[in-house]
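Please open the model in a viewer and keep the selection panel at hand.

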Amino acid sequence: MSYRTYLTKSGGTYIPQYVISLDKQKCIGCGRCFKACPQNVFELVEDEDEGRSYMTLGNDGNCIGCMACNKACPKGCLTFARIET
């Protein structure tokens with residue numbers, strides 16, 4: 001099994017992990033993933049029925065696999081996967 005790979009500036013191999021899901025039950029709607037993401041992957045949902053806000057994957061096809069959102073998320077809401085080639 002081989003995965004999509006890229007080269008780093010120094011010539012090393014990098015295997016990106018792309019966001020594939022977000023657990024809205026864990027999400028507190030803080031927006032840290034939104035602020036950290038350079039590709040506009042996340043959107044805020046304000047659910048009046050539940051009386052709370054949470055993030056969703058509005059544009060997950062834009063994900064570049066940098067995982068900046070994962071580093072920013074205080075609740076560990078995100079799930080990632082590598083893409084097979």
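Select F42 first: beyond its neighbours within four places in sequence, F42 is in contact (heavy atoms within 4.5 Å) with L22, C33, F34, C37, M55, T56, L57, G58, C69 and L78. The model is a predicted one, in which local features need pLDDT of at least 70, side-chain atom pairs count only at pLDDT 80 or more, and totals for chains, interfaces and linings use all residues. Residues are numbered from 1 along each chain as its sequence is written, and side-chain values use heavy atoms, with hydrogens and water left out.

Buried here means under 20% relative accessible area, exposed over 50%, and partly exposed in between, with a 1.4 Å probe and protein chains only. This core has 16 residues, of which L22, F42 and L78 touch the most other members. Two or more residues each come from β3 (18-22), β5 (52-57) and β6 (78-81), and β3 gives the largest share, three residues.

Now colour the protein chain by secondary structure. Helices (H or I, at least four residues) and strands (E, at least two) are DSSP runs, numbered from the N terminus. The protein chain has two helices and six strands, in the order β-β-β-α-β-β-α-β from the N terminus on. Its C-alpha trace spans about 50 × 25 × 20 Å along the principal axes, and buried residues make up 24% of its 85 residues.

Select β4 (residues 42-47) together with β5. These strands pair (at least two bridges found by DSSP) in the antiparallel sense over six bridges. E46 stands opposite S53 in β5. Four residues lie between the two strands of this hairpin, where G51 takes a positive phi near 70°.

Is Q25, the next selection, buried or exposed? Q25 is exposed, since its relative accessible area is 59%. Q25 lies in the loop between β3 and α1 (32-36). Display the C-alpha atoms of Q25 and Y54 as well: they are 29 residues apart along the chain and separated by 8.3 Å.

Finally, select R82 and Y3. The charged end of R82 sits over the ring of Y3, 5.6 Å from its centre; the rule requires NZ of Lys or CZ of Arg within 6 Å of the ring centre and within 35 degrees of the ring normal.

Definitions and conventions: Core = buried A, V, L, I, M, F, W, Y, C linked by side-chain atoms within 4.5 Å.
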